[in-house]
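Welcome, and thanks for opening your viewer. Let's walk through this model together, one selection at a time.

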Amino acid sequence: MKQIIILAWRNLWRNRRRTMITLASVFMAVILAIAIRSLQKGVYASMISNAVRFSTGYIQVHAKGYWDDQNINNSFEYDPSLSAVFQKNKDISLYVPRLESFALASSGPHTKGVAVTGIDPEKEDEMNGLAKKIIEGDYFNSQPQQGILIGDGLAEYLQLHLGDTLVLLGQGYHGATAAGQFPIQGIFHYPLDQMNNTMVFLSLPDAQLLFGAENSLTSISLMLQNENAISSAKEFIEKHVDSTYEVMEWPAMNKTLVQEIQGDNAGGIIMLGILYLVVAFGVFGTILMMTMERKKEFAAMIAVGMRRFKLTFMVIFETIFIGLIGIVSGTLIILPILIYFHRHPVALTGAAAETYQQFGIEPVMPASLDPSIFLYQGITVLCIAILSAFYPLWYINRIPVAGTLKQ
Amino acid sequence: MPVIEVKQLKKTYNETMVPVHALNGVDLTFEKGEFTAIVGPSGCGKTTLLNMMGGLDRPTSGIVTIENDDITNMKAGELVDFRLNNIGFIFQSYNLIPVLTVKENIEFIMELQHRNRKEMEDRVRYLLEVMGLSDKINVRPRYLSGGQQQRVAVARALASKPKFILADEPTANLDSKSTDILLDLMAELNQKENVTFVFSTHDQRVMDKARRIITLEDGKVISDIKQVKSNEARHS
Ligand SMILES: Nc1ncnc2c1ncn2[C@@H]1O[C@H](COP(=O)(O)OP(=O)(O)OP(=O)(O)O)[C@@H](O)[C@H]1O
Ligand SMILES: [Mg+2]
């Protein structure tokens, strides 16, 4: 075996230039493929993380019927035994209660429909770092009487400043009128314009009071220690709460996002497929030539007593060497670059940024360092290498020894 | 017991529209220690005969027996192993492995036989000494002259300790000086170590060194002459 590996390695360098060109094509393909996949997966992860942290959580518990009809009348009365259930499962790291509804926000002549969310300040901040997004004024504190937090987009639209009063008008629980006025305590800025323009936050008691829904919640969102524990945590909760509750996983609650990712992902994979097809032909061509031009050498080796299967191993090693060198060198070059862009995501500007905003995606492109990206590219290249050897192997097994030696 | 026995050997090539009867019923026996030339006009079937005797191709009919082993009915893989352990080959165009050094080319055969390292190294050193190539041990073939490459090929053929060596026109690509050196080395191995050689040739000077000359014509043996110690007689 050692002998075969030595032969394969040296054969690779017989036509140095051709091997280098082939290696370069594998190398470029590996770099491109890994970079594309890393950015795609990075963007997906950031989209998912946004959706999970700012809205649904990995798992959400709400009253049965709420998801299809997101209405304050479908809220549920908070029962402390729920938190006991969450605390019992060690995969659940955080549970975040919310009361969400809609209202008209007005100030002087200006009016706008807004999404009102009553939050537990500490838990909400732990979930999505809301406190850090405050650019003017203060985040909620532990005082019972709190003001309201609004986005800078809404503040601009309603021409409101810190300390001004915002009037909220809407429908409360079971048809009650919901009306209140709140001093603007803080103005936040999110990377997503949509949130800046339409979201306002109240403390949970203030929101419950406003909507006449004392002690009620519309949802409890759960964060997990470990993303792989989603189904098991869901099962656990379902087993321990009664059937008036519904427990949902994030993909079911973010169907458009999931579809968007799947579509984009499929597009990316097709692109990689085309890229690799081109590379595969290059590798195949090289291996084929390397085999054809050594026909007589092979015939002589078989004549003096080398079994054909050993020659086929030699050719397989030759292609595997090409694949491995391409994978290893490509990965070594691209990895530090990706690590950099993982830590410092590319911030998009201009038209690209606007497109992202329109789709409700934060306009950054973080690089993902998910090991599966590297693993899949590696496996793909090795498969290409081995597949490229098939025809040469078939060819070797049919070399007529006597006839070939005569030429 | 003869080393090689060829009985009623026929080979017909059907690759073209007209069948070519390259061998037309050849009967021959070769004894241990022979130094035999197969001669005849171009196309008379010399290469075909050597290929059948070496198990490189299958006869249309007839039998080739090597010390009791009928090689005409062996399975392909078995036949490769049989060649490895029993037959040495020397080719007209040397056919050394270009990416291996002289030493590695000779070891190549012995590694296929799973010999141990010490044995391989001793044998390489001994064979290169006999061939007068000790200073080329770590050189790759392309840095050697044709004559030197063919001497390495002889060393490679001997490395496996075969029962006999087949050489199809081993000197056809060599100049007369290299031809003399190679032939003298082969004759010396034949006399001192009783190595059996069967080779084909067109070259009169090569024929003169042979101790037995088999002449073929149209795939048939037309003469088989033993010139006992003809070499020595001429030289003394
Ligand atoms: N693979 C083949 N297909 C068809 N015909 C062949 C094949 N090999 C040899 N022949 C024919 O068989 C006959 C014998 O060929 P062979 O090569 O054995 O002759 P040779 O004595 O070695 O000739 P030379 O001295 O030119 O090497 C020739 O007529 C040749 O054309
Ligand atoms: Mg011939």
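Before the first stop, one term is needed: buried area is the accessible area, taken with a 1.4 Å probe, that two parts lose on being put together, summed over both. Keep in mind as you look around that this is a predicted model.

**Stop 1: where the two chains meet**

How much area do chain B and chain A bury between them? The figure is about 2,100 Å², and 62% of it is on carbon and sulfur atoms. On the chain B side, select Val99(B), Phe108(B) and Leu112(B): these residues lose the most area to chain A, and together they make up 24% of what that side buries.

Now widen the selection to everything in contact.

**Stop 2: charged and polar links across the interface**

Side chains of opposite charge can pair when their charged atoms come close. Between chain B and chain A there are two salt bridges. To see a salt bridge, select Arg10(A) and Glu104(B), whose closest N and O atoms are 2.6 Å apart.

Which of the elements gives the most?

**Stop 3: ligand 1**

Now select ligand 1, which lies between chains A and B. Show the 14 residues around ligand 1; those that come nearest are Lys406(A), Ser42(B), Lys46(B), Thr47(B) and Thr48(B).

- Ser42(B): an N or O atom in the side chain is 2.5 Å from an oxygen atom of ligand 1.
- Cys44(B): here a backbone N or O atom lies 3.3 Å from an oxygen atom of the ligand.
- Glu169(B): a polar side-chain atom is 3.4 Å from a ligand oxygen atom.

On its own, ligand 1 has 630 Å² of accessible area, and the protein covers 73% of that. Strand S2 (20–30) and H1 of chain B each give two or more residues to the shell around the ligand, and H1(B) gives the most, with three residues. By class, the shell holds four nonpolar, six polar and four charged residues.

**Stop 4**

Over all chains, the structure holds 22 salt bridges. For one within chain B, select Glu107(B) and Arg117(B), where the closest N and O atoms are 3.5 Å apart. Glu107(B) sits in helix H3 and Arg117(B) in helix H4 (residues 117–131), ten residues apart.

Conventions. Residues are numbered from 1 along each chain as its sequence is written. Chains are lettered from A and ligands numbered from 1 in the order in which they are written. This is a predicted model: local features need pLDDT of at least 70, side-chain atom pairs count only at pLDDT 80 or more; totals for chains, interfaces and linings use all residues. Side-chain values use heavy atoms; hydrogens and water are left out. A salt bridge is a side-chain nitrogen of Lys or Arg within 4 Å of a carboxyl oxygen of Asp or Glu. A residue is near a molecule or strand if one of its heavy atoms lies within 4 Å of it. A polar contact is a pair of N or O atoms within 3.5 Å; within protein, one must be able to donate a hydrogen and the other to accept it, and residues adjacent in sequence count only if both atoms are side-chain atoms. Accessible areas come from the Shrake-Rupley method with a 1.4 Å probe; for residues, only the protein chains shown count as cover. Helices (H or I, at least four residues) and strands (E, at least two) are DSSP runs, numbered from the N terminus. Ala, Val, Leu, Ile, Met, Phe, Trp, Tyr, Cys and Pro count as nonpolar, Asp, Glu, Lys and Arg as charged, and the others, Gly among them, as polar.
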